[in-house]
Amino acid sequence: MLTVDDVHTYYGESHILQGVSLEVAPGRVVALLGRNGAGKTTLIRSIMGFTPPRRGRILFDGVDITRRRPFRVARLGISLVPQGRQIFASLDVGETLAIASRPREDGWTVEKVYELFPPLRARSRHPGNQLSGGEQQMLAIGRALMMNPSTLMLDEPTEGLSPLYVETVGQALRTLQSHGIAMLLVEQNLKFALRHADHVHIMNRGSLVYSSSPHALAGDDEARARYLGV
Ligand SMILES: Nc1ncnc2c1ncn2[C@@H]1O[C@H](COP(=O)(O)OP(=O)(O)O)[C@@H](O)[C@H]1O
Ligand SMILES: [Mg+2]
């Protein structure tokens, strides 16, 4: 269980997150929606320890991880698929997966990532900068899985992808959920978020302003217009 409790995060003097609280229960997919600049990535950075909160607490399986270093947070079982994918340009696909590996019995292996994303296998000796956006996204997810997370945070995984790759990523999320992996899914693609989430939150100016089931948000024209502009 990931618990974010009244988190306030700053960049310098800019007070970005203004008391954010949410939970991601084991095996659940929680979507975080909101316009550009709302603070979604800042929340993910706060959880991961890149930009620790000044106030509030973050708990993971009962352990206080507020202000822990990112590699320690990752070791406890939270993996990040960062916005923009951040694939190493000069490492090939196999190398990128191998260096992220924390071998564990029954854990993720390069072979299992290729089974989840068959197109990556044919690209295994290609460096990151030769991959398409969709291939990079599959690799970014695969790299995160190699750390055997119980919770995955995905920051706009469908950004800039063709419909075919959006579908590929969606299928992968379904598979991962069936493996019991919990997810915090940051999305601008409302349809995608509604399809895959068990619960949705909308962030606006550093606060959560709306929380509901995907079904309720789908039927709430006013909320979608007001907070998402759609
Ligand atoms: N490194 C930074 N330094 C200062 N301000 C930042 C930095 N990164 C983001 N911001 C500001 O924080 C706010 C939230 O940004 P961000 O969390 O990236 O939003 P989102 O992911 O929802 O688009 C924005 O106003 C943005 O300009
Ligand atoms: Mg962002």
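I call a residue buried if 20 or more other C-beta atoms lie within 10 Å of its own, exposed if 12 or fewer, and partly exposed in between, with C-beta atoms placed from the backbone. The model I am reading is predicted, so I keep in mind that local features need pLDDT of at least 70, that side-chain atom pairs count only at pLDDT 80 or more, and that totals for chains, interfaces and linings use all residues. Residues are numbered from 1 along each chain as its sequence is written, while chains are lettered from A and ligands numbered from 1 in the order in which they are written.

**Whole chain**

I looked up the secondary structure and found 10 helices and 10 strands in the protein chain; helices (H or I, at least four residues) and strands (E, at least two) are DSSP runs, numbered from the N terminus. The radius of gyration, taken over C-alpha atoms with a globule rule of 2.2 Å times the number of residues to the power 0.38, is 17 Å, which agrees with the value near 17 Å for a compact globule of 230 residues. I also noted that 42% of the 230 residues count as buried.

**Helix α7**

I checked the length of α7 (residues 163–178): its end C-alpha atoms are 23 Å apart, in agreement with the 22 Å that 16 residues should span at 1.5 Å a residue, the expected span being 1.5 Å times one less than the number of residues. Its buried residues are Tyr165, Thr168, Val169, Leu173 and Leu176. They cover an arc of only 140° around the axis, which puts them on the same side of α7; the arc is that of the directions from the helix axis to the C-beta atoms. On the face turned away from that side I found the exposed residues Pro163, Leu164, Gln171, Arg174, Thr175 and Ser178. After α7 comes Gly180, with a positive phi near 90°.

**Open sheet**

I traced an open sheet of 6 strands in the order β6-β7-β8-β3-β9-β10, with mixed pairing, where two strands pair if DSSP finds at least two bridges between them. Its edge strands, each pairing on one side only, are β6 (78–81) and β10 (207–212). Within the sheet, β3 (residues 29–33) and β8 pair in the parallel sense over 4 bridges, and Leu32 has Val186 in β8 as its bridge partner.
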